[in-house]
Amino acid sequence: MTRYLLLAALAVAAVAAPFFVYPILLMTILCFMVFASSFNLLLGYAGLLCFGHAMFFGTGAYIGGWLMKEGGLSIELAFAATTLAMAALGWVVGLISARRGGIQFAMITLAISQFVYFLLLRAPFTHGEDGLQRIPRSDLFGVIDVSSNLSLYYLILAISVAAIWFFYRIVHSPFGEVLRAIRDNEGRVESLGFVPERFKIVALTLSAGLAGLAGAMKASVYQIATLHDLSFHVSGTIIFMALLGGLGTMAGPMVGAALIVMLNDHLAQFGEWALIIQGVVFLAVILFFRRGLVGELQAFVRRRAARSAA
Amino acid sequence: MFDHISMQLLLGQLLIGLINGSFYAMLSLGLAIIFGLIHVVNFAHGAQYMLGAFVALLLLNHLGIPYWGALFIAPVVVGAFGLLMEQTILKPLRHLDHLYSLLATFAAVLIIEGLMRLEFGSTGLPYASPLPGGVNLGFMFLPYYRGWVVVFSLAVCIATWLLIEKTKLGAYLRAANERPEIVESFGINVPRMMSLTYAFGVGLAGLGGVLAAPIYQVSPSMGSNLMIVIFAVVVIGGMGSILGAILTGYLIGIVEGLTKVFYPEASNLAIFVIMIVALILRPNGLFSSPESSR
């Protein structure tokens, strides 16, 4: 019951928010929530640390932007096409990397993301260091104008909710169950007749599609796609967001994403110190509260419930 | 196509490739030792290499200690710093998934690089070559210092390999990696040995930094770009394979140099293409037996 009340309150807040907060900031938060959830699917539920996750986000921004600017696609088609394209990239990356588990998966995905970075630096359609600029906010279904910040906000909100619902369904499906089992004991899962490698590849495909969608949304919000979007810096930030909020919890990485986006908005003026503070908090999370904010909160509630039941 | 000019270009790029390869080999060697013996993926390796270069620079500018002194002092200083890192942030994570120690060293990089940029700015600082001049070999000009780097780093790589594979100390280390409880029951302090192994690997990174200072500009970000290449080298060579790391380091440096001659646009990509091909053809690494990968 409290859960539905909470969801209803969140829905009201999300609809009313753009009248109180700058819509661009809200849309940035939504994009990173979807992006962080896609990362959570891999590390939080499948135990796979993708150290170059920004490759899907950044490439998604370029492809979505290019489809709207040069391809003349309507916004929903551009988003859908980007999602499919990045899912395909995720599948290919999975084929290369999924055979090696754990720590090597992290190193390989990092190297592949660097490869994609250099590839896009050279590709003519990205305009190199300048980035893809003046990306239009194409009409929805070719008829509905979403060029204002407010109307685009509601579109991004709707798509983000759908994406997160999709993520929720994946995690709570039998497939998600197997993923968690692989994370906890891969040998056991294999002995039950599953092929962990295939599950990992599918997880990476789904996650990459979601991350690509987040990137395409970001391109429509800022109307620009740059190499920074797929830099290692962004890959590091997304890991930080997920860990701070709490890996393996539905809401954790999203809370982390919202916090970090708002924090960066305030800390931008401090320049170098912002990164140092981020590093210190990151380290503190790893050393002292690995469950993250939401994870620690859940553990606290569970402890209290156990005590009052006793 | 092998007229006089392109021959010069080819040999020049081969030399640059060999020098880059020397750094790849030394750094991936340290990374492989640390991973192979204590199972920490040391993402801070590039930052520790950068610290080595800065220690050399500060020793010269503030204490007047020349390059040859720094060659001994800087690795010790950086190694001690590594020991401090190991005691404070890696030790508490020793019994957890290796992903946490990787992320902890990654967070440490953010802090170290940020503080260094705050103090020294992000532009590169010059370090005068201790061996100015060079020799004309007829077909190309070889600066003395670059020749020294190639010879010295090769010597360090061979010495380290011999230390691990052929000495009693190395045997203890390898045994502690396989069965720590049994080695401990022989009265050997395994945790201390692991800490010192980390410090040794970090010291190697610091030594690499001193070697690099006169060739590349000394800057806070000099290690982070190298880091990703080193990761690729270690993946290609097979995780934890020390000989594999050394050979792959030189191989990648030379291949990179050759790509600059024949297809310059792809020189940044060459390493990663090799990594992907190697992963498809030899999923356990070029120099690693199937059972040694985990």
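1. Let's start with B:His39, which is partly exposed because 16 other C-beta atoms lie within 10 Å of its own, a count between the 12 or fewer of an exposed residue and the 20 or more of a buried one. In this predicted model, B:His39 sits in the loop between helix H1 (4–38) and helix H2 (45–63) of chain B. Its backbone deserves a glance too: phi is positive, about 60°, although B:His39 is not a glycine.

2. You will find A:Gln223 in the loop between helix H9 (196–222) and helix H10 (232–245) of chain A. With 17 other C-beta atoms within 10 Å, A:Gln223 is partly exposed.

3. Now for an exposed position. A:Glu177 belongs to helix H7 (residues 174–184) of chain A. There are 12 other C-beta atoms within 10 Å of A:Glu177, so this residue counts as exposed, the limit for that class being 12 or fewer.

4. Stepping back to chain A as a whole, the secondary structure is quick to describe: 13 helices and zero strands. The radius of gyration is 19 Å, close to the 19 Å that the globule rule gives for 310 residues, so chain A is as compact as a globular protein of that length. Along the principal axes, its C-alpha atoms fill a box of roughly 60 × 45 × 40 Å.

5. How do the contacts and burial of chain A look? Of its contacts with a separation of 6 or more, 79% are between residues 24 or more positions apart. Buried residues account for 48% of the 310 residues.

6. The largest nonpolar core contains 193 residues, and those with the most contacts inside it are A:Met107, A:Ala111 and B:Ala232. Helix H2 (residues 23–46) of chain A gives the most to this core, contributing 16 residues. Which residues does A:Met107 touch, leaving aside neighbours within four places in sequence? In chain A the partner is A:Phe51, and in chain B the partners are B:Val41, B:Phe231, B:Val234 and B:Val235.

7. Finally, a closer look at H4(B), in case you want to check helix geometry. H4(B) has 23 residues and reaches 33 Å from its first C-alpha to its last, close to the 33 Å expected at 1.5 Å a residue. B:Gly121 follows H4(B), with a positive phi near 75°.

Note on methods
Residues are numbered from 1 along each chain as its sequence is written. Chains are lettered from A and ligands numbered from 1 in the order in which they are written. This is a predicted model: local features need pLDDT of at least 70, side-chain atom pairs count only at pLDDT 80 or more; totals for chains, interfaces and linings use all residues. A nonpolar core is a set of buried Ala, Val, Leu, Ile, Met, Phe, Trp, Tyr and Cys residues joined through C-beta atoms within 7 Å. Helices (H or I, at least four residues) and strands (E, at least two) are DSSP runs, numbered from the N terminus. Two residues are in contact if their C-beta atoms, placed from the backbone, lie within 7 Å. The expected span of a helix is 1.5 Å times one less than its number of residues. The radius of gyration is taken over C-alpha atoms; the globule rule is 2.2 Å times the number of residues to the power 0.38.
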